[in-house]
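Subject: Structure handover and notes

Hello,

Here is the structure I said I would pass on. Please open it alongside the notes below.

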Amino acid sequence: MSSQVEIILLGTGGGRFATITQKRRTAGIRIIGNGLNMHLDPGPGALVYSVSEGFDPQKLNAVFVSHSHPDHYVDAEVLIEAMTRGMTRKRGVLAASRSVLSGNDVCESSISKYHQQMPEERIEAMPNMKFKVGNFNVLVTEARHTDPDTVGFRFETLESGDFAYTSDTEYFEGIGKYYEGVRLLILCVMRPAGKPWKGHMTTNDAIKIIEETHPEQAVLTHFGMQMIFKGPAREAKLIEEKTGIPTIAAVDGMLIAFGETINGQRKARRTQQDLNKFF
Ligand SMILES: [Zn+2]
Ligand SMILES: [Zn+2]
């Protein structure tokens, strides 16, 4: 199917301690298809796991960074170097929050000027903005997080509908409207139920967002240490029971095939032919 998009969860960890310990990888998400080969939120490990899982970073034509925290931006510069063929060709798109490109009251910019001028296009992603990348229309969604410029992204395909990524955010009134009608919703659920933390998403927040948006499939990722110890699969089951929406906790290396149907496979690795069905 030509319109099928592959979403590869190269990493599923988030937050300081999951990053430091690498209990879960922090390599972010690769999205391939519809004229796009994109890395979304390349935290530490994005380069290494791209290469080791068989996703050549030199094939990238877009790098997206949702905000200025290390688990989201650390490998962005090396991926830009790969995308621009070692900084020899102006190539690809860099879309990132204002904080990442220019800094704000709480941080400096997280990608150097040298790296920012090499992609063909540099997009400062602000909530409600729309732009095109590959054959996707992208809507920038609002997030409320400790970096006030944090954004999420919603990708619209012509033939198969939309999928979206919330990035780090707490629940807020109105968040649901950004994700209404998406078929696949990828949520950064840092914390388990009953462990609220300002600016971050818990299982309870995810339930509220899913109840407001009714996706066909919800996928949880970006697990912090408390979530990892609690068991992301258990939390996913809790969400599914509460909302009635099929919900899965991502595992490192999982591939989601997004087309007419949405299928999850346990191993993305390009060289492995016998992929196991995951959902
Ligand atoms: Zn994070
Ligand atoms: Zn963050």
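The notes below go from the whole chain to its sheets and then to one helix.

This is a predicted model, in which local features need pLDDT of at least 70 and side-chain atom pairs count only at pLDDT 80 or more, while totals for chains, interfaces and linings use all residues. Residues are numbered from 1 along each chain as its sequence is written, and chains are lettered from A and ligands numbered from 1 in the order in which they are written.

Whole chain

The protein chain has 10 helices and 15 strands (DSSP runs numbered from the N terminus: H or I of at least four residues for helices, E of at least two for strands). Its radius of gyration is 17 Å, close to the 19 Å that the globule rule gives for 279 residues, so the chain is as compact as a globular protein of that length. That radius is taken over C-alpha atoms, and the rule is 2.2 Å times the number of residues to the power 0.38. Along the principal axes, the C-alpha atoms fill a box of roughly 50 × 45 × 35 Å. Of the 279 residues, 53% count as buried (20 or more other C-beta atoms within 10 Å of the residue's own; exposed is 12 or fewer, partly exposed is in between, and C-beta atoms are placed from the backbone).

Eight-strand sheet

Eight strands form an open sheet with mixed pairing, ordered β6-β5-β4-β3-β2-β1-β14-β15 (strands pair if DSSP finds at least two bridges between them). β6 (121-125) and β15 (262-265) are the edge strands, each pairing on one side only. From one strand to the next the twist averages 15° (axes are lines fitted to C-alpha atoms, for helices over the stretch in contact, and angles run from 0 to 180 degrees between N-to-C directions). β2 (residues 29-33) and β3 (residues 36-40) run antiparallel and are joined by five bridges; Gly33 stands opposite Leu36 in β3. Helix α4 (residues 76-83) lies across β3, β4 (62-65) and β5 (93-97), at about 165° to β4.

Seven-strand sheet

The other open sheet to look at has seven strands in the order β7-β8-β9-β10-β11-β12-β13, again with mixed pairing. β7 (130-133) and β13 stand at the edges with a single partner strand each, so one side of each is left without a neighbour in the sheet. Neighbouring strands here are turned by 20° against each other on average, direction ignored. β12 and β13 pair in the parallel sense over three bridges, and Leu220 has Ala249 in β13 as its bridge partner. Helix α8 packs on this sheet and touches β11 (184-188) and β12 (contact: C-beta atoms, placed from the backbone, within 7 Å).

Helix α10

Helix α10 (residues 232-243) has 12 residues and reaches 16 Å from first C-alpha to last, close to the 16 Å expected (1.5 Å times one less than the number of residues). Its buried residues are Pro232, Glu235, Ala236, Ile239 and Thr243. α10 lies across β12 and β13, running at about 170° to β13. Gly244 follows α10 and has a positive phi, near 75°.

Regards

How values were computed. Two residues are in contact if their C-beta atoms, placed from the backbone, lie within 7 Å.
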